[in-house]
Amino acid sequence: RDYLELFRIAMEDGAVTGKERKMLGVQARLLGLVAAQASRLEALFLAQLPSPQSLLVPLPPPPPPPRPPSRARLRAEHVSEGIRPSSSSRPGRSHGPAAEE
C-alpha cells in the first residue's frame, strides 16, 4: 500500500521520470519488495485507471440548418419594402387569354 501511494504520486503528471523511478526502487527495497512485485503492483494500479478514450467529452451535435423563411414572412418583408404583389401574380388565379373566356 505504501508503494502504491508513492507510485500514484509519481504518476500524477502522467509519467514516471528517471528520478522518480530511482526513488521508487529505493522505496521498494526498503519495503522488502523485489522488482517483479513492484512491477506487478504498478501494473495493477495502471489497469484501474480510466482509459484515455473514456475521458473524452463528446462534442454536442451541430445546430440544425436554418429554416427557409415562410411565405408570410417573405410577403411581410416585401410589403415593408414597398413591393406589393399584383393580383395576377397570386397563386390560384389563371393568366392569359384562356382566363378571359
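Trainee: Which residues does Glu42 touch, not counting residues up to four places away in sequence?

Mentor: Glu42 touches Tyr3, Phe7, Arg21 and Leu24. Contact means heavy atoms within 4.5 Å. This is a predicted model, in which local features need pLDDT of at least 70 and side-chain atom pairs pLDDT 80 or more, while totals for chains, interfaces and linings use all residues. Residues are numbered from 1 along each chain as its sequence is written, and side-chain values use heavy atoms, without hydrogens and water.

Trainee: Why is Glu42 called buried?

Mentor: Its relative accessibility is 10%. Buried means under 20% relative accessible area (exposed is over 50%, partly exposed in between; 1.4 Å probe, protein chains only). So Glu42 counts as buried. Glu42 is found in helix α3. Helices here are DSSP runs of H or I, at least four residues, numbered from the N terminus.

Trainee: What makes Ala38 buried?

Mentor: Ala38 has 7% relative accessibility, so it counts as buried. Ala38 also lies in α3, residues 35-48. Beyond its neighbours within four places in sequence, Ala38 is in contact with Tyr3 and Ala28.

Trainee: Which residues make up the largest nonpolar core?

Mentor: The 8 residues are Tyr3, Phe7, Ala10, Met11, Leu24, Ala28, Ala38 and Phe45. A nonpolar core is a set of buried Ala, Val, Leu, Ile, Met, Phe, Trp, Tyr and Cys residues joined through side-chain atoms within 4.5 Å. α1 (2-10), α2 (18-30) and α3 each give two or more residues to this core. The largest share, 3 residues, comes from α1.

Trainee: How do you know that the buried residues of α1 are on the same side?

Mentor: Tyr3, Phe7 and Ala10 are buried in α1. They cover an arc of only 55° around the axis, which puts them on the same side of α1. The arc is that of the directions from the helix axis to the C-beta atoms. The buried residues of α1 pack against α2 and α3.

Trainee: Why is α1 called oblique to α3?

Mentor: The two helices pack at an angle of about 60°, with axes 10 Å apart. Angles under 35 degrees count as roughly parallel, over 145 as roughly antiparallel, 65 to 115 as roughly perpendicular and the rest as oblique. That angle therefore makes α1 oblique to α3.

Trainee: Which residues meet where α1 packs on α3?

Mentor: From α1 come Tyr3, Leu4, Phe7 and Arg8. In α3 they meet Ala38, Leu41, Glu42, Phe45 and Leu46.

How values were computed:
Axes fitted to C-alpha atoms, helices over the stretch in contact; angles between N-to-C directions.
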